[in-house]
Amino acid sequence: MNELLGTIDKPNVVESSCFLEGKEVTTSSFTKANRHYETVARQTFSYIFLNVGKHKSKHNEAHLEIGDKRLSGFLLKANRVLVCLSEKETNISDVRAHIQQVQHLIAKAEVERMLA
Amino acid sequence: MTDYKVLFTGSVCSGKTTAIRSLSDIETVDTDARVSDSAIRRKRKTTIAMDYGVLDLSDSARLHLYGTPGQERFKFMWEVMMSDLVHDAEGLVLLVDNTRNDPFKDIRFYVEEFRDFIVRRRLIIAVTHSDEKADPDHDYYMQELKAMGLFTTVIFIDARDPSSVLKIVKELVGQREKDIAWPELEQRLAVNSTMPQASGEGDSPAIGVNEEVTLLEAAMNTRGITGAIHLGADRKVLSSNVSSKQNKELLRSMINLVTALEAKASFLGHIDDLVLYGPQQETLSVFVEEEQALGLCSHKDLSINVVKQQAVDLLQWSRR
């Protein structure tokens, strides 16, 4: 998983990333300096996607702009979220396109994680 | 005959069309169309391609006046004009609406967009609507622009008053064209005035009190926006026209979340927005300010940047 985060993090697109299982962070590349953003992401995306499930909606992506940063949450499956931290100026489409590009690696890692 | 050109630009409702009409000796060429976004709260029509007018300065000099559309979505016209029609212009007049929440944000945006164009040309910042809101004043502008590294001329004008807009022309060509009879010119242009006392009406079809457009109506006037919810400082609903129960509930939860984050994570900075996407769902977005918040439902294909720009304008004008 740590290797995967190394692939997800990309200069000028994704600064740091982490995986959430419910409200818990399972793996993270957030630096100590950015730990507060990780906390906000944990609360934000667990709450948002809990509500999405509660209302039987198909929304699977959320973005929060706070200060100079943007936190993006991608719902991988129920209760499992990939969080990306970017500069606010970064184009959302770039973040989305990058995540789509590494989607197969994420899917593979998820299968391996379940089998382990 | 010496022909000069000048390009007017600035945000929506900053007075570009009005300023050109105030100065033009000919019936101006404009490309107005019915407003199809949040600007409906301030005017019924907007420039979609360009404005053009001509001012005869003297027997030997003439000034061609060009105006860009204000909306960022017509930005392609800015490029067309800069690279072709006004590539040989004398200067750029940036009109700044003083009633905007942050006029300097507009200045930064336009200076960045027109950076290459103004490198070798004169930039004049013309502040409008100061009769509605006097602050920031001239000194503050000069001080802030200096801090931004912009050493330029700032003139406060009333775009409806030809004599006031003439100050820009004087600043731009006055030094080079010594033969201009300014008092006569001012007198000749007086007929163009659209000051309320002169003609009883403004240039842009002003929205009267009786036909005031509400924030929700303005939101719904934007193509792609399907619902809106307006909240006050206490984050209680002021008005809403979101019909889907699911969307309403989700927007409500997003607003609750942002309110909680505002209290707990303010040290990280201001929360601008929270957006929720889905491949087959309408996009839901929440935009927050200290005094109010706005939730929008929009078509999934509508660019989030367009939604953001509309939200900023809607919130901007609902405070006035």
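Predicted model: local features only at pLDDT ≥ 70, side-chain atom pairs only at ≥ 80, totals over all residues.
Visitor: How many aromatic pairs does a search of the whole structure find?

Guide: Ten, over all chains. One of them is B:Trp78 with B:Phe109.

Visitor: Why is the pair of B:Trp78 and B:Phe109 called edge-to-face?

Guide: Two checks. The ring centres are 6.2 Å apart, and a pair needs centres within 6.5 Å. The planes stand at 75°, and over 60 degrees counts as edge-to-face. So the pair is edge-to-face.

Visitor: What does this pair tie together?

Guide: B:Trp78 lies in helix H2 of chain B and B:Phe109 in helix H3 of chain B, so the pair ties together parts that are 31 residues apart in sequence.

Visitor: Is B:Trp78 buried or exposed?

Guide: The relative accessible area of B:Trp78 is 1%. Buried means under 20%, so B:Trp78 is buried.

Visitor: What makes B:Phe109 partly exposed?

Guide: B:Phe109 has 26% relative accessibility.

Visitor: Why are B:Tyr141 and B:Phe156 called edge-to-face?

Guide: Their planes are at 85° and their centres 5.7 Å apart. The cut-offs are over 60 degrees and within 6.5 Å, so this pair is edge-to-face.

Visitor: How do you know that B:Arg121 lies over the face of B:Phe117?

Guide: B:Arg121 is at 4.0 Å from the ring centre. The limit is within 6 Å, and the charge must also be within 35 degrees of the ring normal. B:Arg121 counts as lying over the face of B:Phe117.

Note on methods. Residues numbered from 1 in each chain as written. Chains lettered and ligands numbered in written order. Heavy atoms only, no water. Phe/Tyr/Trp six-rings, centres within 6.5 Å; stacked < 30°, edge-to-face > 60°. Helix = DSSP H or I, 4+ residues; strand = E, 2+ residues; numbered from the N terminus. Buried < 20%, exposed > 50% of the residue type's maximum accessible area, 1.4 Å probe, protein only.
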